[in-house]
Amino acid sequence: APLPDRPLVTLGACYAGGESEGAELIGPLRELGEPIMDTFATIPASQLVTIHMDPEEPVPGVGNHALIGELTEDAVDAFFDAAGPESGSPLTVAELRHAGGALSTVPADGGALPRLDAAFVLFAVGSLMDPSRAEQISRHLHLVADAVSPWATGGAFLNFVEGRADAETLFPADTRRRLAAVKERWDPEGLFRAGYTLPVA
């Protein structure tokens, strides 16, 4: 009930550790102001999908994203001007997700994409409950991405790719070579396909 028809700022966090340590780490977030809702709690892994309050069932929507190398004050201003409450944005959500910490650390057995080479991820999405808004939403998604482009890395993150993408933006060169060799061995005819193409080695 308190959420509709008002601009909101949401702060989400996840700590994979003890309850007391987690509560201490998020303590400063709780002191920023009086929240409308506080949903921080200890939850099982099966409920991780609820952290971001995304719909758990499929809903129509279209989104866009950008990887941000450095979030300067100018970058924040540009983001806010393009997607803030005075922007006239038709988007449902426009957000900046922190990508440091474990996401920027390379583990020994990290696989094809062991780290996210960005400080933040910009993600924006518009609801297509009314399909006639598709063009307006798509236009504003590009406007938001263009606004932060001076601080973008030029890379992309598979989790947020919703259309065709260049594999060069998704994986480092060495990883692309390794994946191409795997593809040549196991899928030389290109049976498995996605919105991006890895050439056979």
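This is a predicted model: local features need pLDDT of at least 70, side-chain atom pairs count only at pLDDT 80 or more; totals for chains, interfaces and linings use all residues.
Residues are numbered from 1 along each chain as its sequence is written, and side-chain values use heavy atoms, with hydrogens and water left out.

I start with the cores. A nonpolar core here is a set of buried Ala, Val, Leu, Ile, Met, Phe, Trp, Tyr and Cys residues joined through side-chain atoms within 4.5 Å. Buried means under 20% relative accessible area, exposed over 50%, and partly exposed in between, with a 1.4 Å probe and protein chains only. The largest such core has 13 residues, and those with the most contacts inside it are Ile68, Phe79, Leu91, Leu122, Val144 and Val148. At least two residues each come from strand E1 (61-68), helix H2 (73-83), strand E3 (120-127) and helix H3 (134-147). Helices (H or I, at least four residues) and strands (E, at least two) are DSSP runs, numbered from the N terminus. A second, separate core has eight residues, including Leu67, Leu116, Phe123 and Phe160.

What does leucine 122 touch, leaving aside its neighbours within four places in sequence? With contact meaning heavy atoms within 4.5 Å, the partners of leucine 122 include Ile68, Phe79, Leu96, Val144 and Val148, but also Asn64, His65 and Glu95.

Next, helix H2. Its buried residues are Ala75, Ala78, Phe79, Ala82 and Ala83. They cover an arc of only 105° around the axis, which puts them on the same side of H2; the arc is that of the directions from the helix axis to the C-beta atoms. That buried set packs against strand E2 (93-98), E3 and H3. The face turned away carries the exposed residues Glu73, Asp74 and Asp81.

Now the rings. Rings of Phe, Tyr and Trp (its six-membered ring) pair if their centres lie within 6.5 Å; planes under 30 degrees apart count as stacked, over 60 as edge-to-face and the rest as tilted. By this rule there are two aromatic pairs. Phenylalanine 123 and phenylalanine 160 have ring centres 4.6 Å apart and planes at 20°, so the pair is stacked. Phenylalanine 123 lies in strand E3 and phenylalanine 160 in the loop between H3 and helix H4 (167-170), so the pair ties together parts that are 37 residues apart in sequence. The other pair, phenylalanine 157 with phenylalanine 160, is edge-to-face, at 5.7 Å centre to centre and 80° between the planes. Phenylalanine 157 is buried at a relative accessible area of 17%, and phenylalanine 160 at 11%.

Leucine 170, in helix H4, is buried with a relative accessible area of 4%. Its contacts beyond four places in sequence include Leu113, Phe157, Leu158 and Tyr196. Leucine 158 is twelve residues away in sequence, and 6.7 Å away in space, C-alpha to C-alpha.

Last, helix H5 (residues 173-186), which holds threonine 175. In H5, Thr175, Ala180 and Lys183 are buried. These three cover an arc of only 135° around the axis, which puts them on the same side of H5. The opposite face carries the exposed residues Arg177 and Arg185. Threonine 175 has a relative accessible area of 6%, and a polar atom of its side chain lies 3.4 Å from the backbone oxygen of alanine 112.

Note on methods
A polar contact is a pair of N or O atoms within 3.5 Å; within protein, one must be able to donate a hydrogen and the other to accept it, and residues adjacent in sequence count only if both atoms are side-chain atoms.
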